[in-house]
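This report describes the structure shown below, by helix pairs, chain contacts and single elements. Please keep the model open while reading.

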Amino acid sequence: MDQFLVSLMNGLVYGLLLFMVSAGLTLIFGMMGVLNFAHASFYMLGAYFAYMLQDAIGFWGALVVSPLLVALVGVVVERFFLRRVHRYGHAHELLVTFGLSFIIAESVKLFFGNYPVDYRIPAALDIPAFSVGGAQYPAYRLLMGGIAVAMFVLIYLLLTRTRVGIVVRSAIYKPRMAEALGHNVPLVFMGVFGVGAALAGLAGAVAGAFYTTNPNMALELGVMVFVVVVVGGLGSLEGAMLASLLIGVITSLAVSVDRSLADLFALAGAGDWARSVGGLMTLKISSLSATIPFALMLLILLVRPGGLMGEKD
Amino acid sequence: MKTAFLCVAAGVAALLALPFLLSQGLLNAAVQMLIAALFATAYNLLCGQGGMLSFGHAAYFGVGAFATVHAMNAVGGAGLLPTPLLPVVGAVFGLLLGSIAGWFATQRTGTYFAMITLAIAELVHSLAPHLKGLFGGEAGVSSMRMPAWGFDFGSTTQVYYLTLGWALLCVALLYLYTRTPMGRLTFGLRENSHRLRFLGYNVHGLGTAVFAISAMFSGVAGGLQVMSNESANYVVFDPSLSAAVILNSYIGGVKMFLGPAFGAAIMTFFGYAVSDLTQSWLLYQGILFVLVMMFMPTGLAGLPGMVRRLVQRFGFAQVMPLVALSCGAALSLGAGGVFLVELLRRVFSQDYRAAIVAGNDWPAVTLLSRDWLPGSPITWLVPVALLAVGAALAWLARRRRAALEAAEAVDAAAPTALEADAIVKEGLA
Amino acid sequence: MTKRNHFNRALVPTLALLVCGAAAAAPVKIGVLETLSGPQASSGLAYRAAVRYAIDQINAAGGWNGEPVQLLEYDNQGGPAGAADKLKAAAADGVQLIVQGASSAIGGQITEDVRKYNLRNPGKEMVYLNVGAEALELTGEKCNFYHFRFAGDAQIRTKALVAAMKQANALGTRVYSINQNYSWGQDMERAIVDNASAGGYQVVEKTLHDVNKVQDFAPYVAKIAASKADSVLTGNWSNDLLLLMKASRSAGLKVRFGTVYLDQPGNLANAGDLAVGHFVVHTFNAESAGGEGEKFVNDYKAKTGHDPVFIEPQTVFGMAMVADALKRTPAKGGKLDVNAFAKALESATYKSPMGEMRMRAADHQVQMPMVVSTVSKDARYKADGTDMGFTPVKRFSAAEASSPAQASCDMKRPD
């Protein structure tokens, strides 16, 4: 029971981390129709900027300034790269972000080297929060989860209760009309892109200390973020939250399940036959925990492509 | 039409003569370029002609590869078919997986289609390491080419001709496909699938068929690679291979039939030649891709066409300086960029940082067989100057082009002699 | 004179032909075929640095046959397909000895390609010098006369690790085995189980996880905690090791880790204090190598700018054995007779700072000393720019560390 509880909490926190990164991506897609392949790179840049700034202005200072720097990068990307190729269509914009993700990853390797860098949680925060089942639960994980939840609430309130939020939502829904009403829609686009990038940067700054900060971070998280965004529904913030929690919990709980298809067949009496077949039959679910999200994504795309909470196709 | 035919014939003749012109090492690179070109052309059937951007095409390449390697190992190592016919196995399995995947994927369009293809590819990529019987674990499945039809297929030259034969055959078939009614319908899929549906065509079935055919030829390409390397490894399902074929196709230009093949050949050669020279070659590849996407959306293969159209509009004499300026700008910017990147790489490398002693001057770095001191301004002046010259040339080229277009607009607005006559007469009358 | 760059390679054979004639003295060409770019480049670059140092040493001692040895470098672009291509390029360039170590997958590809190339081109054979690919099958089912391994394998490493940890009373009776789900990890799992009686422990649970895909090791740590293990033995490397250790630390799990790759550069710096007290089995520890070891470290640092760590020492020692074999191989018609060289290498020995090394002819697996160390702040040589280093716990001579040749190796010898 304890192990289940710990796994559940870990899954929730991992899911919240995924949400932090995918929130920006889903907003950007909802607004511009562009699936930003460089989004996971913003996550990586957030971690590296925080690592650079940590010695100068301390951990909390780095946590505040690093997302701002990443937002700046995001704004530059939107203004000078995406706006240029906007007229060639969504596929083109997608490919430009694709190329940019390569450039960012290689530039990080150029300046920081191929090995992981020493970006760590400050000693003051590296304490256990409480004990459950004989193991301790680290306080930093709770901090990560807390920051993610606070972010969600802030953005949700921003979008639904403020004037800026209304303008952004109308620009997403009917950009031409919003422009006709006198709002500076290109500025809105740039702002949303910047904010989305900043969110990913914050996620990187927070998570890079807990996990490792290395040039392959973007690749490691990148695909999972796409799965989350697709499962949740492209453009829906609540969907991203739901999907990231779902995927975080499933990945975490699957690790403790040591059963396989053969065990299922054993229930029907055909266990020995299934085991002798081998291959797919004897694959344990715990070994497949990283594969399950893709199967889920495929299922959603076929059955309900709008995602769990997106618009109906 | 005649010039196109002559060009193609000349190209084929050159390809046939390559083994006599190149060293064995470069010949092997040529084999890889042919395989990449075939894969890109097969991919373009789906992407450029059918308008369906697929992000997971490596899955079909990989399935073809593994099918072929198992066929090579079948019958106690003698091979299921004679060696030259083995890529057929790759084609069959590529077609099979392509039909199944395509049936699911083409139910949606646009970004959702791309995501489905990505999900299928990632699923295969995740499962492959677990299915050792099929995919052979991380050492892969290895095999050996068997002699057939009087050849022993031991030397690179024979492998080259085998690959060339298959590549030419498949590209020819793909080209003939574009000439068939179904090929024309494929273009329709890209332009306006709604209208096709209203005209009564089964768009889903058509999409599936196009996907399956594209996957079939990708399987052939995978089979050819296996026959050249004599082994198949599950890293072939890596997203980087799907990424590479997309990059190659767009750099070459998806609107032309041979564009992706050209792009793939160039990028494969670029990777082969440059990867041994510098560690930053992936960075250069990324920069090249982004620059092409932003400034040359028709791709590199579209460049001759673009120049020809400019010459038609403005005349040879006007366009030549423009081309010269652009080439100069590209060379200068390229040289400056490469110099800067290489300099930065050396200065930021771990070994160099360890060699810096606090308080002393920073030691020199070696570039182009010369020593450059990071402390001296000349070291940074060289790339900055090159970049500045390149930027200036680019600006001049842009101004010239704008001037040409402005002159053309004025000419168009200005009345012709006959019209001027008529206006004067009306005025006088 | 060591490395030539790719475009210059055409000049050398042309000049040689023009100036010298048919029975010219041809220098030995050694090619290092590594992952020099892309995500896995960090290890490949380390191997290259060590090989460069070793070649410089060979040339400082006079080279071979009066000529300096040439080093050519090839980037396999991160995968077996690239490795196959570059191997063909190396063969076309006249390279006779290929050095590689960063990946067992690529090692598997190279050994097979070298075997097939040698079958098809008698008289122009190549030798594969494996300085780091530790998959068991390379000296097992895939063993071949032209492959020589200068590194350990899962059996050798685990045997030493278990013995040392038992002696240090860190092993306990309940051991948890967690590894990556591919050949190396599976080899380690088997080795951990095989050593259970020698180590006096019981393997409470075995887990295999996806390679380099798991970000959150907390569920695995939860399993370890639930199994009440005393120690964890793992062959994980890079992120998989770091994240596992970080996750156990934050869960407050009190287990000892016995690892193979804890000394990979970047690990100690990233792990920080949580690494103290854990064990690693590796091939070189300067502190236990005495005066010779110190000389080696100082010389290496002077020439390359950093201490020899991780796989660099074993590469240098392996190449020293190659140098020994080269010295005993006379030139034939001015060129290196690869078959004679391989026979000489089969009986090569070298007195490294860690002890005697010799090649075992049965399966071409080097018999080399191993040392198990623990991370501590009292170590003489600090690692990664931190205040911690590796203090040796127990050193094993080559004979003590040895593991018998596998029955699956059926080596076909020429003539």
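## Helices α1 and α7 of chain A

α1(A) and α7(A) are roughly antiparallel to each other, a label used for angles over 145 degrees, with under 35 as roughly parallel, 65 to 115 as roughly perpendicular and the rest as oblique. The model is predicted: local features need pLDDT of at least 70, side-chain atom pairs count only at pLDDT 80 or more, and totals for chains, interfaces and linings use all residues. Residues are numbered from 1 along each chain as its sequence is written, while chains are lettered from A and ligands numbered from 1 in the order in which they are written.

Helix α1 covers residues 2–32 of chain A and helix α7 residues 185–210; they pack at about 165 degrees, with axes 8 Å apart. Axes are lines fitted to C-alpha atoms, for helices over the stretch in contact, and angles run from 0 to 180 degrees between N-to-C directions. Helices (H or I, at least four residues) and strands (E, at least two) are DSSP runs, numbered from the N terminus. The crossing of α1(A) and α7(A) is left-handed, meaning that the near helix is turned anticlockwise from the far one by less than a right angle; clockwise would be right-handed. Residues in this contact include Leu17(A), Met20(A) and Val21(A) of α1(A), and Phe189(A), Val192(A) and Phe193(A) of α7(A). Two residues are in contact if their C-beta atoms, placed from the backbone, lie within 7 Å. By class, the contact of α1(A) with α7(A) has 18 nonpolar, two polar and no charged residues. Here Ala, Val, Leu, Ile, Met, Phe, Trp, Tyr, Cys and Pro count as nonpolar, Asp, Glu, Lys and Arg as charged, and the others, Gly among them, as polar.

## Helices α12 and α13 of chain C

In chain C, helix α12 (residues 312–327) packs with helix α13 (residues 338–346) at an angle of about 125 degrees, their axes 8 Å apart. α12(C) and α13(C) are therefore oblique to each other, and their crossing is right-handed.

On the α12(C) side, Val322(C), Ala325(C) and Leu326(C) meet Phe341(C), Ala344(C) and Leu345(C) of α13(C). This contact has six nonpolar, no polar and no charged residues.

## Contacts with chain B

Chain A puts 34 residues in contact with 31 residues of chain B. On the chain A side, α2 (39–85), α3 (90–112), α8 (217–232) and α12 (292–303) each supply at least two residues. α3(A) gives the most, with 12 residues. The chain A side divides into 25 nonpolar, seven polar and two charged residues.

The other contact takes 33 residues from chain C and 30 residues from chain B. The chain C side draws at least two residues from each of β3 (70–75), α3 (80–92) and α4 (104–120), and divides into 10 nonpolar, 14 polar and nine charged residues.

## Chain B and single helices

Chain B has 17 helices and four strands. Of its 429 residues, 44% count as buried; buried means that 20 or more other C-beta atoms, placed from the backbone, lie within 10 Å of a residue's own, with exposed at 12 or fewer and partly exposed in between.

In chain C, 14 of the 20 residues of α2(C) are buried. Just after α2(C), Gly62(C) takes a positive phi of about 115 degrees. In α4(A), the buried residues include Tyr140(A), Arg141(A), Met144(A) and Ala148(A).
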